[in-house]
Every structure is written in structure tokens, then in C-alpha cells.
Amino acid sequence: MKALLIGVDGLSYTSFMKCNPRFLMSLFGSTFRGVVVNRRPQTHESSWLSVLGMDYSGKPNEGVPELAKATGATLVNVPISDPTTGIVSLKIHEVRLEDELNQVTEAVLESLNRGPVIAGIVGLDVELHRGSLDKCKAYSMVDSALRKMVNAADEFIVFSPFGEPKAPSESEHEEYGIYLSTVPRPSEHETVKLPEIGLLFRKLVG
Amino acid sequence: MSTERDPELEALLRKKIKQMMSENRNMEKGGEVVHLDSENFDSFLREHKIAVVDFWAEWCAPCFILSPVIEELAKDYPQVGFGKVNSDQNPQIAGRYGVMSLPTVIFFRDGEPVDEVIGAVPREEIEIRLKSLLGE
């Protein structure tokens, strides 16, 4: 079974109506969905460490995340360190969304043939903070890359650990992210907590 | 005149002052979506001939899709009161209007519900009802 956990930092339901990302909208209408809650301050590292079942120490992260060990997943561009961790490793502040999406998509499509994959995209959040890219254009690029990756997987979780930037500060975002998945959640009338995402992926891989 | 303290009168005054402050806050927020609860819901409806209230919850993904539409309309129609009620935190308000699914947007005229829209709908679906209420 090809299982994919992919997180796109900064992706938010609040731009779905305006930008109409077609693939994400179709997932929204056809998969299990939820709202990820993550109170401020939110950083790439602290948020992803929670997903991967690790504590945030504030020190450079070392070692293989628990979730990757438990599932045997290949890591691709996971922002628990800077540069990111995995077979694609990029300097977070230098990321350009288009390049990142190309590299991550290629690595994910290759890696899914070998087993589960955990992948991250930080470029949307970085470029929205920079103000260097039109938001709906960025959503369209993300949407198109997700279509390729998700269609190559049998089971998936697409999530964002937090929403769009709310201030110039890199740790201030909307407190709500997205969750779209083939995995049902036990209590759909509750928000999705970050560690729950890791547990759901573990369950999905089996 | 007696100078003795009257606890009952003081309590009434405190309540009145709180109500006036709440009304004042609501009036200052033209163009914004006001967060409503049992403290300010009734006064909000009293103060706005036409009001639009969005019932939502934290776990409700479509509510987040709809939310920017409501915010945009609030800016474009400052003469209308726009509010939002967290249904989980204010079940008594949601229950009063029979809100069974989220998001639900209820339109009020003179404090009475006159129309509603359920689900994350495009701006036009809400705006057409709003214009009709405003007689445009």
C-alpha cells in the first residue's frame, strides 16, 4: 500500500472560496475532513515535531523521528530542522515554492514505490510571509502538485499545521489548518490536534 | 433623601451600565463581524434593523471556507450588522433558532429571523438575500 502524509504549512480553508483550488475542493467534497488547531506561536519546527511525536526542545533536532521509525516512512523535506530533513533538504528561508514543489513531487513519486512517505512543503508559508507571490497563483501551484502526489498514493493525509500568516512575525498564523484524508477520525465533531495526525498516519500504515 | 446604599439599585445600575457598554461596543464595530454570545446577542439584534448571523464551530471545515465571505460582506454593507456565534460555546442561542447543521447563516429583520442559508455557499447566494432584505 502506498501511504502518504503530506503537510503544506500555511495552507488554509479561508482561501478556498477565493482561490478555488480545484483538486483540494474535490478532496474536500469526497474525503474525511477536519480542522487542525494549533495555537500561537506556531513555527514549522515545533508544529512538525508535534506531528511526528517529538518534543520541541528549541535545540537543533537530531535523530530519526519516532513516527518515521514506527512506520518505516521515507522523509522528504520535513521542516524539523533547517535545512529541512529528508531526501530533499532545503534551506527554509531560501525556499522558492515552485522549485520546492518540483523537487518534493519528484521525490515523493519515486519514494512511494518503496513504502510510506512523510513530506513537507514550507514554500507557501515562506512566500506568503515574503509577499513575493500572488496568493491564488501559489494555491494553484500547490493544488497541482498535490494532485500528482495524492493520485499516486493509495491512502493519504493532507494537512497544514497552521493557516496563513497573520503578521510579519514568522510564528504568527491563523490558528486553524486543514485536514483531508482517506482516514476517518474517531470524533469528527472535534478539532484535529497535531499529535493526532501522526497517530492517524501510524494507524493508516498499520 | 436617604444616603443609605441600596444593593438592589446598585445591581440594576451595574447591569444597565454593562448593557450600555456592550451596545456601544457593538455600534463601534460597523463593517466588522462581531463575536456574539449570550451577553450581547439580544442587544446586537435590537441595534440593527437588518442583521446577518453566522453560526459556526471550531471543528467545522466549511465554516472556515465561508468565514471570509461574511467578513467581506460586512465591509461592503456597513449598514448591516454582521455577527458570528460559536454554536458549541452558545448552544442556547443555536437552539433558539433551530440551528442543526453548520455553517448556518440567519438573516434578521427587526430582531426576527426571516431567512437562512445552510452550508459554505458563494458570496452571491448570501448577497442576493441581503439585497432583497435591504430593498435593493
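Modeller: A disulfide is a pair of cysteine sulfur atoms within 2.5 Å. By that criterion, the search finds 2 disulfides over all chains. The model is predicted, so local features need pLDDT of at least 70 and side-chain atom pairs count only at pLDDT 80 or more, while totals for chains, interfaces and linings use all residues. Residues are numbered from 1 along each chain as its sequence is written, chains are lettered from A and ligands numbered from 1 in the order in which they are written, and side-chain values use heavy atoms, leaving out hydrogens and water.

In chain B, the disulfide is formed by B:Cys60 and B:Cys63, with 2.1 Å between their sulfur atoms. The torsion about this S-S bond is about 90°, so the disulfide is right-handed. Burial is judged by relative accessible area: under 20% is buried, over 50% exposed, and in between partly exposed, with a 1.4 Å probe and protein chains only. B:Cys60, at 2%, counts as buried, and B:Cys63 is also buried, at 3%.

In chain A, the disulfide joins A:Cys19 to A:Cys136, with an S to S distance of 2.1 Å. Its torsion is about -75°, so this disulfide is left-handed. The pair links distant parts of the chain, 117 residues apart: A:Cys19 belongs to helix 1 (residues 16-19) and A:Cys136 to helix 7 (residues 135-151) of chain A. Helices (H or I, at least four residues) and strands (E, at least two) are DSSP runs, numbered from the N terminus. A:Cys19 is buried, with a relative accessible area of 13%, whereas A:Cys136 is partly exposed at 22%.

Strand 2 of chain A runs antiparallel to strand 6 (residues 176-181) of chain A, and 6 bridges join them. One bridge is between A:Phe32 and A:Ser181.

A cis peptide bond, with omega about -5°, joins A:Arg40 and A:Pro41, and A:Pro41 is in the loop between strand 2 and helix 3 (44-51) of chain A. Another cis peptide bond joins A:Asp82 and A:Pro83, with omega about 5°. A:Pro83 lies in the loop between strand 3 and helix 5 (97-111) of chain A.

How values were computed
Two strands pair if DSSP finds at least two bridges between them.
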